[in-house]
Every structure is written in C-alpha cells, then in structure tokens.
Amino acid sequence: MSSLPTDWFMKVRLKLRHLQLFIALDELRNLHRAAERLGMSQPAASKLLGELESQLGLVLFDRHPRGIAPNWYGETVIRHARGIMSSLHQAGDELNALHAGSAGSVSVGTVMAPAVTLLTSAVERVHRDRPNLKVSIDVDVSHELIPRLMEGEFDFAIARIPSTLPAGDFVFEEIGEEALCFVCRTDHPLAQRESLNLAAMVDYPWVLQPPGALMRQRVDHLFLHHGVALPRQIVDTPDILVALAMVDKSDTVTVTTRQVADLLCDQPRFRILPFPEALSVQPYGLVSLREQRLSPGAAALMSTLREIIRGR
C-alpha cells in the first residue's frame with residue numbers, strides 16, 4: 001500500500017461508529033457480541049469494518065473460527081480510538097463543569113513520591129485560584145501510567161517514559177531522582193543494628209514492587225551487584241499501604257522512597273534501616289503527549305507544578 005495522507009481519516013470517511021466498533025471488538029473479540037453492544041446487526045458491523053479495511057488497503061483484524069483479533073495495524077487504530085473517545089468524554093466533562101459554573105477538570109497519573117509531596121502542594125495552590133477545579137489523581141508505576149496517558153486517560157503524568165515506547169511521542173521535563181530506603185517495624189531484629197548489609201537482610205521475608213517496576217529492578221540489581229541471592233520469600237505488590245501493613249505485622253522488610261517513608265513511616269511503628277549505600281532510581285518528570293493540547297485546568301496545574309519545581 002502507499003503511504004496514507006495526513007487527512008486519511010477524511011478520505012475513508014472515518015466515523016465515531018468505527019471507533020466504537022474497534023474498541024468493542026478489542027474487548028469482546030467477537031463480531032456478533034460487538035455488534036450487539038453497539039445495537040446493530042452482525043452483517044452491518046461486518047460491512048462497516050470491511051469497507052474501512054478496503055478503503056485503507058489494510059486488514060486490521062484477523063478472523064478466526066472462534067472470533068476476531070486485532071493484528072499490529074488493528075492494535076494501532078484501537079490505541080488511538082481509545083484516546084479519541086477518552087478525549088471526547090473529557091470534553092463532555094469540561095463542558096458540563098463550565099455549564100455548572102465550575103472550572104473544568106484535570107486527571108493526572110503519578111508515581112508515588114511526587115504524589116505525596118509535589119503534587120499535593122500543587123493541587124492545594126491551584127485550588128486557591130480555581131476552587132472548583134475537579135482533580136483526579138491515580139498512583140501507579142510508570143510502565144502502567146504511560147500507556148494510559150497514551151490512551152487519553154490522563155491529561156499528563158509524573159513518571160518515567162518506559163524504554164519500550166517511542167520517546168519522540170512525549171514531552172519530558174525532568175524533576176529529579178527518587179531516593180530509596182529500607183523499612184522494617186520498630187521491634188524487628190534488624191532495627192537495632194547500627195549498620196547493615198544485604199547478607200544480614202536476605203533471610204527475612206520481603207514485600208516489593210512487582211518484577212518490571214523500576215524500584216524492583218533497582219533492588220534486584222543491588223543484590224546482583226553484591227553477589228547475594230534474592231530473598232527466598234518475596235510478596236509482590238505495587239501498593240505501599242499493603243506493604244506497610246505486612247511490615248507492621250511481621251518481620252517483613254520493604255523498600256520505598258524516602259519521601260514516602262518520611263510521610264507514612266512514623267517512628268513509633270517503623271524504622272528506616274541504616275543501609276550504608278545511597279540508593280536511588282532514575283529521574284522522573286512531567287510527561288505529556290507532544291501532539292496533545294492541555295485543557296485550561298490541566299495547563300494551570302502543570303504551570304503550578306513547574307513553579308514549585310523551580311522553587312525547590
């Protein structure tokens with residue numbers, strides 16, 4: 001096929017119905033059920049998809065005896081379809097908010113450290129001028145947040161860009177590294193030690209972020225660097241509150257950012273262990289889509305974040 005022109009969507013007469021069908025097919029993997037969801041007949045849905053594929057000169061979905069599945073081309077259009085539909089939903093929310101006399105809305109995805117310090121300060125400050133701005137914050141690890149940003153769930157994120165994604169699709173404004181620390185309960189056998197090494201800690205149970213998360217990679221590399229086998233008993237969870245609940249009730253050790261530990265790990269219950277090495281993970285930053293224009297509320301919050309970052 002020849003390259004698609006920039007206005008290809010106009011030439012093939014792309015409709016919202018197409019976008020809804022792409023998403024339904026991705027979720028249901030069955031043309032009949034997807035048609036039912038959209039309130040249309042299966043022949044009509046099949047014709048809608050077939051005509052578009054014919055005009056594009058591309059097969060987007062592979063047909064199988066038991067259903068239908070997107071190929072690489074289909075995965076691409078589904079990802080953008082989700083982003084478009086999410087943007088339209090957000091537009092409706094903003095219009096409703098403006099009609100109700102509010103100041104719009106903003107949705108942010110963030111890793112843990114800036115959620116408990118930087119972002120909370122920015123929200124408090126921006127609400128002074130925009131008291132009715134609706135703010136939604138979702139905390140997760142970067143490799144979960146950035147794909148959701150690409151699908152339009154967030155206006156922007158405070159995270160890292162995974163190496164598997166094209167960096168040119170994003171605008172990245174570096175904020176800083178996250179310092180890490182080891183945490184246990186106050187009466188843990190290790191709590192009274194003046195200095196520690198990994199060999200002294202490895203036989204205790206651990207609770208860590210799941211494999212693939214940046215903080216987990218840093219911990220795994222630390223054990224590898226010191227030639228110490230990973231702990232035999234590790235519980236994986238991205239939730240710091242679950243991790244601290246386990247630490248509080250057992251001899252479990254966890255790793256978290258120093259900012260989170262300072263906020264949540266009060267002295268009577270938890271102890272930050274005196275590990276001799278300074279640990280950190282690569283810098284996080286403000287991440288937005290290069291081709292996306294921020295809503296007024298999102299732009300105001302991001303501007304406030306920049307002011308706080310410069311002040312630091």
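Leaving aside its neighbours within four places in sequence, which residues is Leu305 in contact with? Keep that question in mind while you get your bearings, and remember throughout that the model on your screen is predicted.

**The whole chain**

Begin with everything shown as a cartoon, where the protein comes to 13 helices and 11 strands. Its C-alpha atoms fill a box of roughly 70 × 55 × 35 Å, taken along the principal axes. If you colour by accessibility, buried residues make up 44% of the 312 residues in the protein. Among contacts between residues at least 6 apart in sequence, 73% join residues at least 24 apart.

**Residues 14-71**

Next select residues 14-71, which an unreviewed UniProt entry annotates as "domain: HTH lysR-type". Over this stretch the chain is 60% helix and 14% strand, and its end C-alpha atoms are 19 Å apart.

Select Arg13, in the loop between H1 and H2, where phi is near 55°, a positive value in a residue other than glycine. Arg13 counts as exposed because its relative accessibility is 65%, and the cut-off for that word is over 50%. Then move to Arg29, in the loop between H2 and helix H3 (31-37), which also has a positive phi of about 55° although it is not a glycine. With 34% relative accessibility, Arg29 counts as partly exposed.

**The largest nonpolar core**

Now return to the opening question by selecting Leu305 and displaying its side chain together with those around it. Apart from neighbours within four places in sequence, Leu305 is in contact with Leu118, Leu119, Ala122, Phe156, Ile158 and Leu286. Leu305 is also one of the residues with the most contacts inside the largest nonpolar core, which has 30 residues, and the others named with it are Ile146, Leu149, Phe156, Ile158 and Leu301. To see where this core comes from, colour the elements that give it two or more residues: strand S3 (105-110), helix H7 (118-129), helix H8 (142-150), strand S5 (156-159), strand S6 (170-185), strand S11 (279-289) and helix H13 (296-311). The largest share, six residues, comes from H13. In soluble globular proteins, nonpolar side chains tend to be buried together.

Another core lies apart from this one and has 24 residues, among them Phe22, Leu38, Ile68 and Ile78.

**From strand S6 to the end of the chain**

Select Ile175, whose place is in strand S6. Is Ile175 buried or exposed? With a relative accessible area of 18%, Ile175 is buried, because the cut-off is under 20%. Not counting residues up to four places away in sequence, Ile175 touches Leu118, Ile158, Tyr284, Gly285, Leu286, Ile309 and Arg312. If you draw a distance line from Ile175 to Arg310, which is 135 residues apart from it along the chain, the C-alpha atoms are separated by 9.4 Å.

Arg312 is exposed, with a relative accessible area of 60%. Beyond residues up to four places away in sequence, Arg312 touches Leu118, Ile175 and Gln259. Arg312 and Leu118 are 194 residues apart in sequence, and 9.9 Å apart in space, C-alpha to C-alpha.

**The largest pocket**

For the next stop, switch to a surface view. Rolling a probe the size of a water molecule over the atoms shows where empty space is left. The largest pocket has a volume of about 1000 Å³. To centre your view on this pocket, select Arg79, His80, Gly83, Ile84 and Met150, which lie nearest its centre among the 36 residues that line it.

Which helices each supply at least two residues of this lining? They include helix H1 (8-11), helix H2 (16-28), helix H4 (42-56) and helix H5 (72-99), and the largest share, 12 residues, comes from H5. If you colour the lining by class, you will find 19 nonpolar, nine polar and eight charged residues.

**A last stop on helix H5**

Finish by selecting Ser86, which has its place in helix H5. Ser86 is buried, with a relative accessible area of 15%. Show the residues around it, and you will find that Ser86 touches Glu151, Gly152 and Glu153, not counting residues up to four places away in sequence.

Terms used: Residues are numbered from 1 along each chain as its sequence is written. This is a predicted model: local features need pLDDT of at least 70, side-chain atom pairs count only at pLDDT 80 or more; totals for chains, interfaces and linings use all residues. Side-chain values use heavy atoms; hydrogens and water are left out. UniProt positions are given in the numbering used here, feature names are shortened, and annotations may be inferred rather than shown by experiment. Helices (H or I, at least four residues) and strands (E, at least two) are DSSP runs, numbered from the N terminus. A nonpolar core is a set of buried Ala, Val, Leu, Ile, Met, Phe, Trp, Tyr and Cys residues joined through side-chain atoms within 4.5 Å. Buried means under 20% relative accessible area, exposed over 50%, partly exposed in between (1.4 Å probe, protein chains only). Contact means heavy atoms within 4.5 Å. On a 1 Å grid over the protein atoms alone, a cavity is a set of points where a 1.4 Å probe fits but cannot get out, and a pocket is an open set with protein on both sides within 12 Å along at least five of seven lines; lining residues have an atom within 4 Å of a point. Grid points are joined across faces, edges and corners, and a volume is the space filled by probe spheres set on the points. Ala, Val, Leu, Ile, Met, Phe, Trp, Tyr, Cys and Pro count as nonpolar, Asp, Glu, Lys and Arg as charged, and the others, Gly among them, as polar.
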